[in-house]
Every structure is written in structure tokens, then in C-alpha cells.
There are 2 protein chains.
Amino acid sequence: MEAVRSITINDVAAKAGVSIKTVSRVLNREPNVKDDTRERVLAAVQELNYKPNVSARSLAGSRSYLIGVFFDNPSPAYNADVHMGAVLRCREAGYHLLVEPLDSTAADFASQLIPMLATLRVDGVLLTPPVCDSPVLLDALDAAQVPYVRVAPDGQLDRAAYVHMDDRRAAAEMTSHLIGLGHRDIGFIKGHPDHGASHLREEGFREAMKAHGVAVREDWVVQGWFSFQSGFEAAKTLLAAKDRPTAVFASNDDMALGVIAAAHQLRLTVPDDLSVVGFDDTPSARMVWPQLTTIRQPIANMAAAAADLLISGEMTTEDGAPASRLLDFELVVRDSTKPLKG
Amino acid sequence: MEAVRSITINDVAAKAGVSIKTVSRVLNREPNVKDDTRERVLAAVQELNYKPNVSARSLAGSRSYLIGVFFDNPSPAYNADVHMGAVLRCREAGYHLLVEPLDSTAADFASQLIPMLATLRVDGVLLTPPVCDSPVLLDALDAAQVPYVRVAPDGQLDRAAYVHMDDRRAAAEMTSHLIGLGHRDIGFIKGHPDHGASHLREEGFREAMKAHGVAVREDWVVQGWFSFQSGFEAAKTLLAAKDRPTAVFASNDDMALGVIAAAHQLRLTVPDDLSVVGFDDTPSARMVWPQLTTIRQPIANMAAAAADLLISGEMTTEDGAPASRLLDFELVVRDSTKPLKG
DNA sequence: CCGCGCCATGACAACGCTGTCAACGCGAAC
DNA sequence: GTTCGCGTTGACAGCGTTGTCATGGCGCGG
């Protein structure tokens, strides 16, 4: 069978009657090409349906048109959102996405990715929690001089560009929603202490309580680990006593689902006997009854914004500080919350 | 700052005192290299921590060491599992994974990916449901002469290599589990009619019922669309009547969760008043109370096996038929099933 | 002892593109 | 009219690897 030789820049150059370098210039949007010439080249590209070869580009030039995504997030939904958001933005810009799951518990964790960086020459990487907060990883990336953008990082914000949302304000809004419904006895389940978002969300909760002049009952603020199980257990202690909250704010959806499960088991009806809210808007939040009131994180948008920074190369602001982007969240009111009965 | 020139094959060749071609031979496991020489080269590679440049390899040779994953699956958990399984196997073999979400509802659906194939020169692609059953996509891939392996395809099995599990037998086993628990009045919620798995699962259900001599009540076999909502609605009709099944087999977990939600709403207790089972073992299956009895699909393993076929190039059996691999499922018994009370 | 063939190795071109630098043409400034 | 400068273009050399082909050495049979 005849090998299908693909169309090269030479073919385009010949067709347009210019040198390959000029075609290259047009393709890379370099300045100093006459409009006339540019159009002729573009026409030839169209006609031949020419697509540049990424390998050749990356070998010859300094860009690989490849962006890596490292992740070690236990939530598949989160990862999928990230991929989706990033890949869409990448596609627009002619970039492609390389996914690399990482096992951050492995001892040789950082060494897993150095070979990849060396082999692929990615133009940048996109880091999501929790790996985006690993100093080891960040150091390795810095050493390899690979640009990176962090999504929802926790601290060390001056270290590199990042994209985030206002967890604190979101938690405050959610708390206000509960208070607006008449709730005063609100329990809070904290997230994994290693995740920065946990602290932000707790702060937001406390802030809003204070702003509304509602006291926080410290024995109703319990530790969780972002897992269904931890939410389930936290809720059991929270709800077992006669003296129990009328609403529970879990720091993420998985734990909120645990709360709902615990409530079921204790024969409490949600939302009649207990309002429950979560944070994240995972797919599971809609797969229970009652469907969960929660905060929708703009995960895909954050990933897209991060990809944007990487592609445009705007990793620092004019004064040299790391660039950042703040995206909006959304309070999604569903069926797990209800005004406190008289 | 001094540019960090990375280590090339030249450096290794110099250090080992051989030509670059010999290094290349060692790296590619080509024959006709003296053991002595091979060891010397390997030592130099180790010492310099040399990593071949994928772009150069792909440009010069015929392989890109890149594998693409196309997907358009609504379930993020499914996609994540696929990525994970595939990427792990790829890593072992020095390959990398490129993810490409596809919008199969878009009109120019196939044209989205042709550029990518032309640009990236991937060595193969991995197709998951539902895109793995798109004739348009398959045709495009054939035309572009890109090898591909399908995961859990529906029909046209003689068209290309694939990896699958026995949906029918799994459904039969699940049904037997229910019957073994004493259930005779079993409702069944069908999956999306466009998914091949739907039919297989229904067949397995009917087979097992027949094998145990239990009649299928056709009015208890209702259509669903694999979504929570469709399961919820199907369950409402199923459970509303006085004369209702004691167990419901939903063709996937999302629908099973819908059934549980509907049961809650109707004040039926699962599993005391009703046993519910699903299929897939999604993360959500464990985030409800009671946790769902379901079938664990070996998604990651299927993806790994598919990557395996792609990498090894064993796309056809000796007699020219497409290669295939059958993987095992697992029946996971949790809390949503219970022996029928006396 | 000569010649053939195979194993082991290397020289060199090629892959498709970008970076560098030189060259050209044309209008402005002198 | 000549010079200078700038906008525009092209020639050419890599980028780091693999494919092709040539070369040299060595064992073995005649």
C-alpha cells in the first residue's frame, strides 16, 4: 500500500509561490508579512488542508504545543472537569493536553515526572490540588524551568501564577443562605486539614456567622476528611444528641452526602428535620434525594483560565508578581435546605 | 541565565565511546549489539540520566510514543478510570497519553479530530463508549490509517481490536444474586437503547430469570436512559402501585440511585422494603445510604489492556481477525440488598 | 590460505519545521 | 541622485533522533 505522505509546509510554499519560511511566518503570526502574501498562504493552507507537524515544530523551535496536567485528586469528577476545561481552551490555540496522574504518596513521586518533562518538553503544566501544593513538585518544576500554573493553590501564592475562586466568600454566602432560612443552630464539618480550601471555607463560615450575630457552637464544629465516611461519622456525633443543630454545613459534597446518609439512618428527614449543604457541586450531589444545595465551583473555567495563562505566557504581572485570575462561584439552591419551621 | 541544554544521545555516545547510532540501537532494543557494548551504553545512559526526546524520535522515526484517548462519555468517573488505566500502562512502555474530549453531537464531529491526528501522529487511539461505536469516527480513523482499540464496543466486533467484559453474564449473576436472596418479584430498568451494554444487560437479566424458572413481568421492565432522573421516574411508576416488585435491578448505578431516591420519597426503606441493585460501581454508589450492591466494571483494566494492544501492535490475531481481550467483572454486595423477609 | 557471509558498528542523510542572517526593494532624508 | 533604514522575503543551518547503507572484523568451509 502506498504510504500516505502527509502534506508538509513545502507543499504549501510551492502552491502559494513563496518560501517555506514565509509560510512559517504566517502560521506563527509573525509580523512583517504583506497582507497579500499572507492571504495567498492562508488560501494554500486551506486548500491543501495542511496541518503543521507538532513534533517538527517542537524539535526545531522552542515550543512543543503540549501542555501537561498533573493530578492526584481522588475525585474523578474534579479531574474530568479540569481536563475538559483545559482541553477546550488548548484546542482553540492549537495546543494539546497530556495527562499525567501522579501518585504523591509514592516516595519517588517527583522522580516520576522528571523523565516526562525531559522527554516531552511540554510548554507548561497545570497543577490541581492537592499536587499544586507540593513543595517538592514545585521545586522540581522550577529546577526543570517548566512554567506552571496552579489551580486553587493553598498558600505560597507569590511563588507562581495561579487561578482560584473565593472559597471564603462562597462559604460565607452559603452560611448566610442558611441563616436567611432562619437557621441559627448550624453545625459545620471541616475539610481535610491539609487542603487550603478547608481553612478558607471554615473562615467564611465563621465570618458570616459573626456578621449575622449568630454564635458558633464549637462542639458543633467537627473535623472531617472530605470523604463520605468522615461526613457520615461526623454527622452521627452531631445528630445523636437531643440537642442538635437544625442545619449542617459540610465543607464538601461527599461529606454532605454522608450527613444525609446518617440522617436517613437516624430517621431524620432532610430537609424537614435537618437542612444540609455541601460544597463543590459534584455529580453525586444530584444523585441523592433530596438533591443537595451546594456551591458550584468553576472548575472547568479555572482550568481553562490556567491553560490560558500558560499559552499566552502571561505568567507574571507587569511588576513581576505572579499572575492570577479570580473566578466566580455559584450558590446552587436545591432541595436539601428549607426554611426552619416555625 | 544559562540555557539548560538537555542531554542528548550525543553525550551518551561520547561517554560510552560509541556512535550515536549504537546508542539508538540499544535504546530501541535492536538486535546485533554486543552485550559488552550494550552495558556500556546503558551505564552511560544511567549516569547522565539521559532521556530521549520524543519529538525527535517521532520526527525521525515512525513512532510518536503518543496514544490518544477520545471520549464523549457523560460520566466523569468512567473517563477518569479509563485515563488512569491507560496512562499507567503507557508509562511502563514509555508512552504518553493525549486526551481528546469529543462532542459527538456536533455536526463537524469527525472533523474535530482529523487535524489532531494529522498534527500529532499518535501511534494509536483508544476509544470508549459511546464514541467507540460511531461509524463516522471509525471510518475517519480507518481513512487516516490510525490504529485504534475499542473499549466495550457494541457490535461491528470484526471491525477492529477491542477489549470488553461480559455484561450479559454480569447481569445474569446479579439477577441470580437477587433470586438467591428470595426475590421473585423483580423489576428491571433498561439502559439507554443506543448503548450496546443496555441490551446485553437486559438479556442477562432475562436469561437468569428463565434459568431459575422465574417469570419476567413485562410491565415491570421499564425503559430508562442511564440517568438519575430516568431511574427516578421509572421507579416512581414501578413502585407507585400496591402491587410492586420487592427488588429492582437498574441497568446502571445512576439509575439505581434514582430508584433509591424515589423509594425514599415514597417512604419505602431500602433494603427492608425494597432491594435495589445497580451496575458500574461508580463513586456515587458508595455515597448514598444504603450503599449500593452493584457490578464493578474493570474499566481501568480494560483501558490498560487496550493500551497494551496498541503498544504491542497486536491488533489482529494470527488468522487476521481483530484481537480482543475479555476481562472479569466483580459482583459487589453492599447494603442495598437484603433477603426477602419471610 | 583464500573467500564468503554474518555480526557489529559507524557515517550520513533525512524527518518537517524554526531561528538566524543576509539580501532585496522601496521610500525618505540629505 | 545617493544613502540610509525599514519592511519583506528567502537561503540555509540546525533541532535530536532513526533509517539506510557502507565498512570492517572474524569465523568457517573449501
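**Exercise 1. Find how many residue pairs are in polar contact across the interface of chain A and chain B, both at pLDDT 80 or more.**

Step 1. By class, the side of chain A that touches chain B has 28 nonpolar, 15 polar and seven charged residues.

A word on the model: it is predicted, so local features need pLDDT of at least 70, side-chain atom pairs count only at pLDDT 80 or more, and totals for chains, interfaces and linings use all residues. Residues are numbered from 1 along each chain as its sequence is written, and side-chain values use heavy atoms, leaving out hydrogens and water.

**Exercise 2. Work out which residue forms a salt bridge with A:E100.**

Step 1. Count the salt bridges between chain A and chain B: there are two, each a side-chain nitrogen of Lys or Arg within 4 Å of a carboxyl oxygen of Asp or Glu.

Step 2. The partner of A:E100 is B:R91, with the closest N and O atoms 2.7 Å apart.

**Exercise 3. Locate polar atoms of the protein beside DNA strand D.**

Step 1. Turn to the bases: a polar side-chain atom of B:K21 lies 2.8 Å from a base nitrogen, while a backbone N or O atom of A:L59 is 3.4 Å from a base oxygen.

Key:
Chains are lettered from A and ligands numbered from 1 in the order in which they are written. A polar contact is a pair of N or O atoms within 3.5 Å; within protein, one must be able to donate a hydrogen and the other to accept it, and residues adjacent in sequence count only if both atoms are side-chain atoms. Ala, Val, Leu, Ile, Met, Phe, Trp, Tyr, Cys and Pro count as nonpolar, Asp, Glu, Lys and Arg as charged, and the others, Gly among them, as polar.
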